[in-house]
Amino acid sequence: MAASALTPTEEEEEQGQLEEDSFVTSHHPSAPADELFDISTTVDPSYVISLIRKLLPVDAKNGDNTDIRSSNCNDEVGSLSNDNCKSMEIVNDGSVSDFQGEDEEDSRAHVSAGEEVWEECGCVLWDLAANQTHAELMVQNLVLEVLLANLMVSHSVRVTEICLGIMGNLACHEVAMKQMISTNGLIAVVVDQLFLDDTQCLCEAFRLLGLGLQSSDFIKWAEALQPEHILSRILWVTENTLNPQLTEKSVGLLLAILESQKEVEHILLTPSMKLGLPTGLVNLLAFEMSKLTNERIPERYSVLDVILHALEALCVIDGYSQEICSNKEFFQLVCDLIKFPDKVEVSNSCVTAGVLIANILSDVPDIASEISQDLPFLQGLFDILPFTSDDLEARGALWSTIARLLVRVQEDEITASILRQYVFILLSKTNLIEDDLFDHQFDNNKENDSLAACGARTNARTLTVSFWIDFQLTMLLFCGRNIKELSNYYSSLYTRNIFVYPDLCNSLER
């Protein structure tokens, strides 16, 4: 039986369906069956591929997309078939190259619209790159090669910023980072972006380089930064920029250098020290302290924090710590931060400053005598204690510094008036001291219980008790030097109905 002929209406519908399928295929091509991705993602892989294709470099002269030759389609984004690549091939017919009068304005509008589409697609990929699954899909589809090509030919700082931003997010994932290392010429091109004068481009470049130094393949990144002119450029930008975000990112790169593996020390740290790294960091600290004292701009608090962390990292590196710890200006700036009245606003920075003081006193113990009678400094140390509840190292540093100061007070160098001020500070902080040590001991008890269940032991509680014993002994040694003055002072306190911490009073009376 012969097949029935299609009616005109059915033929039109079938033809329309074929045209629609052709349209979809030419704009959203599907990969061959043997090249489908075994990746679970909430975003359609073909959508990601189409975004990557739209980032293919634009010829800076005529504004047209670079030709995609069918013979190279399998090497381009998406691993598409030759037929699909041919359907997307764009050929420059020269109709846009010669403009006169009004046509020139149309050309600029055309280029502007193309850049807007590029930017929109780039920003979507920038966000997607933060997800590991999406990042791996993007890398599989040659996004790094596309971004590298854009960096090499583009004259737009916005394009450069987006390319570096996407790479920065990709660098957070191990697979993508390894692919960056193996992409020929990528690291060198990224380093070249350090010589741009655009703030946002520099921020993204510093971020990406910092992530590279923190990766397992840090050596290749370090070697790319080793030339003196590159290190000089990094330090120059760090010291001369007035943009807080750029300062934070550039110091973040220096912090990555300081916290890198031992192998990086010879490659980057030694030449950086010769180029003035310690002086540069101290100058930055001085600038941020002046801003904190006079203006108190919240946006700059994170900058102060990363500078202090960089200085802290430098203070504990053997062979380099002495230079920074013996810097008088640095020591004074840290002391000023300890005495800063509104510590809640910069609590993290104050805690870091307390650790820095302990490190400095360990390297230069004689300097403790210079601040042993600085009562606002002593009070500042106690004021920082509540912010160290989750940081055992910082708490220990503060207790160590307090003990160092109290034992430095000499009987023949102190007047009764200063002694009373010392005692008043100590008595006014007894509740804080008791709460801090009690909370710490309670935390250690819980930790001991959990470890005991596993048959393990810890000396954390012993450490806490030793802190308390050392502090009480220091108090007794300090206060016992002039019992007569203390007794008279206690009498005046009781007369004025000022509460005195009982345990401390009993210890002092004994």
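Biologist: Where is the place of Ser-260?
Modeller: This is a predicted model, in which local features need pLDDT of at least 70 and side-chain atom pairs count only at pLDDT 80 or more, while totals for chains, interfaces and linings use all residues. Residues are numbered from 1 along each chain as its sequence is written, and side-chain values use heavy atoms, leaving out hydrogens and water. Helices (DSSP runs of H or I, at least four residues) and strands (runs of E, at least two) are numbered from the N terminus. Ser-260 belongs to the loop between α13 and α14.

Biologist: Is Ser-260 buried or exposed?
Modeller: Buried means under 20% relative accessible area, exposed over 50%, and partly exposed in between, with a 1.4 Å probe and protein chains only. The relative accessible area of Ser-260 is 16%, so this residue counts as buried.

Biologist: Which residue's backbone oxygen lies 2.4 Å from a polar atom of the Ser-260 side chain?
Modeller: A polar contact is a pair of N or O atoms within 3.5 Å; within protein, one must be able to donate a hydrogen and the other to accept it, and residues adjacent in sequence count only if both atoms are side-chain atoms. The backbone oxygen in question belongs to Ala-256.

Biologist: Which helices do the buried residues of α13 pack against?
Modeller: The buried residues of α13 include Leu-246, Val-251, Leu-254 and Ile-257. With contact taken as heavy atoms within 4.5 Å, these buried residues pack against α10 (199-213), α12 (228-240), α14 (262-274), α15 and α16.

Biologist: Which helix gives the largest share of the lining of the second largest pocket?
Modeller: On a 1 Å grid over the protein atoms alone, a cavity is a set of points where a 1.4 Å probe fits but cannot get out, and a pocket is an open set with protein on both sides within 12 Å along at least five of seven lines; lining residues have an atom within 4 Å of a point. The second largest pocket is lined by 13 residues, and Glu-248, Lys-249 and Gly-252 are among those nearest its centre. At least two lining residues come from each of α10 and α13. The largest share, 6 residues, is that of α13.

Biologist: What volume does the second largest cavity have?
Modeller: Grid points are joined across faces, edges and corners, and a volume is the space filled by probe spheres set on the points. The lining residues of this cavity include Glu-288, Arg-296 and Tyr-301, and α15 (277-294) and α16 (301-315) each give two or more. The volume is about 50 Å³.

Biologist: Which residues does Thr-352 touch, beyond four places away in sequence?
Modeller: Thr-352 lies in helix α19 (residues 347-363) and is buried, with a relative accessible area of 5%. It touches Asp-305, Leu-308, His-309 and Glu-312.

Biologist: How far apart in space are Leu-406 and Tyr-422, C-alpha to C-alpha?
Modeller: Leu-406 sits in helix α22 (residues 392-408) and is buried, with a relative accessible area of 1%. Leu-406 and Tyr-422 are 16 residues apart in sequence, and their C-alpha distance is 9.2 Å.
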